[in-house]
Amino acid sequence: MSIWNINTLNAQNLLEEVKQRIKLSGKATIRLYEADFNQETINGELDDRHRNRYNLYLNLSAKISERIQFNGRLRTGQTQFEWITFGQNTEERFNIILDKLNLEYKYKNSWVRVGRQSAIWTHQKGALFDVPTHDGISAGTAIETSSLNIQPQLAYFNEGHRDNTDFSRQGKLYGGEIKIETKKEKGFNIDYAVGLLLADHLPNRYVNFAADPSGNQAPVYHEGDLASEYRILSNGIGITFKKLHNLSFRGDFYYNFKNYKRNPFSHQILDNNGVANIDGNQDVNSTPDFTDQNKGYVITAQIGKLENKGDWYLGATYLYMEKYAALDFFAQYDYTRWASTNIKGPEFKAGYQINKYLKAQTRLFLVEEIKGYDGANPDFLRKGNRFRIDLNISI
């Protein structure tokens with residue numbers, strides 16, 4: 001055999017090994033249209049707003065050994081935390097964020113994951129988390145019976161590093177979940193998850209840079225609209241009828257059993273004079289009381305599923321999320337531009353699978369507040385509508 005053939009064979013073997021060990025994938029969202037309209041506030045109606053948005057995700061998984069795998073992901077978009085954003089571009093849509101970076105150890109049906117990773121709480125994704133990934137450790141296993149798949153999971157995440165502070169005072173998010181799913185041979189599938197999400201010393205202050213009358217940029221500090229501690233119990237159950245065009249019904253329920261002795265500070269909650277509690281020095285007893293706002297639920301009905309070319313789905317969701325039923329600092333802002341909790345209202349959505357890699361989706365949100373936040377007029381409830389059209393690409 002010639003040297004040329006040997007080198008060619010070695011290159012082919014190396015390429016084959018790379019293919020077996022390394023997997024690349026990606027997805028992108030092209031937001032063709034997003035409009036906020038009929039935004040009613042206590043000071044009058046906000047101007048309608050239109051914008052586009054483009055997000056890109058790049059995933060890499062590398063098999064280091066038979067049991068150890070490396071996972072990484074870069075994405076564009078909203079800043080997660082300042083220390084993991086490259087470039088610090090003032091246009092956040094152009095930021096590049098180190099979204100995932102972890103090592104995963106697998107043994108039989110069990111796994112341990114260390115590093116930046118997704119949250120484990122199944123039924124809270126999209127309701128309680130706008131921050132997509134977290135730094136820490138998680139572990140889980142899968143148990144199969146003749147009719148059930150049972151997956152218990154535990155996680156501990158460090159949230160909000162504080163300089164010169166001992167470990168006990170660092171922000172943390174921890175807890176566990178058990179997910180139970182029936183086998184799918186019977187034409188329908190039921191899944192149920194119950195989880196406990198605990199949080200201590202979460203960051204409750206963030207900074208915006210606003211221009212003063214002279215045009216100079218100055219830091220403005222805000223309370224994070226949240227308590228720093230949470231004790232949230234979540235339950236979620238869903239049923240899918242595969243033979244009925246994947247008709248599905250789902251309910252997710254949240255209850256925060258943390259007893260808040262006084263109103264947590266918030267720049268969204270105003271006192272009797274209409275003053276925000278930005279620095280925490282105002283009398284919180286003069287503001288509307290949110291201490292008992294600790295319950296939430298999300299109910300969804302959907303038909304159809306996007307898998308193959310020509311597939312479609314239609315769905316409707318009703319969300320009711322009181323102020324402290326969710327981790328407000330981390331909660332999603334899909335529904336409205338002015339809040340992530342203390343909101344209620346329906347969402348209507350539809351989607352179509354154009355081909356293997358491309359699908360179109362549209363969503364409409366009609367939202368209002370659950371409880372008025374303005375001490376001068378606590379009966380007033382803000383309202384707002386949002387409509388969007390997305391093209392989603394997966395490769």
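I take strands here as DSSP runs of E of at least two residues, numbered from the N terminus. The model I consulted is predicted.

**Entry 1, Asn-246.** I looked up Asn-246 and found it in the loop between β15 (230-241) and β16 (247-256). I noted a phi near 55 degrees, a positive value in a residue other than glycine. I recorded for comparison that most residues other than glycine have a negative phi. Is Asn-246 buried or exposed? I list Asn-246 as buried, because its relative accessible area is 16% and the cut-off for buried is under 20%.

I then turned to Asn-38, which is found in strand β1 (residues 22-41). Its phi is positive, about 50 degrees, although Asn-38 is not a glycine.

I located Glu-369 in strand β20 (residues 358-369). Glu-369 is buried, and I read a relative accessible area of 1% for it. Which residues does Glu-369 contact, leaving aside neighbours within four places in sequence? I listed Trp-338, Asn-342, Ile-343, Lys-344, Phe-380, Leu-381 and Arg-382.

I placed Lys-309 in the loop between β17 (295-304) and β18 (312-321). I classed Lys-309 as exposed, because its relative accessible area is 68% and exposed means over 50%. Not counting residues up to four places away in sequence, Lys-309 touches Gln-353, Ile-354 and Asn-355. I also checked Tyr-357, which is 48 residues from Lys-309 along the chain; their C-alpha atoms are separated by 9.0 Å.

Terms used
Residues are numbered from 1 along each chain as its sequence is written. This is a predicted model: local features need pLDDT of at least 70, side-chain atom pairs count only at pLDDT 80 or more; totals for chains, interfaces and linings use all residues. Side-chain values use heavy atoms; hydrogens and water are left out. Helices (H or I, at least four residues) and strands (E, at least two) are DSSP runs, numbered from the N terminus. Buried means under 20% relative accessible area, exposed over 50%, partly exposed in between (1.4 Å probe, protein chains only). Contact means heavy atoms within 4.5 Å.
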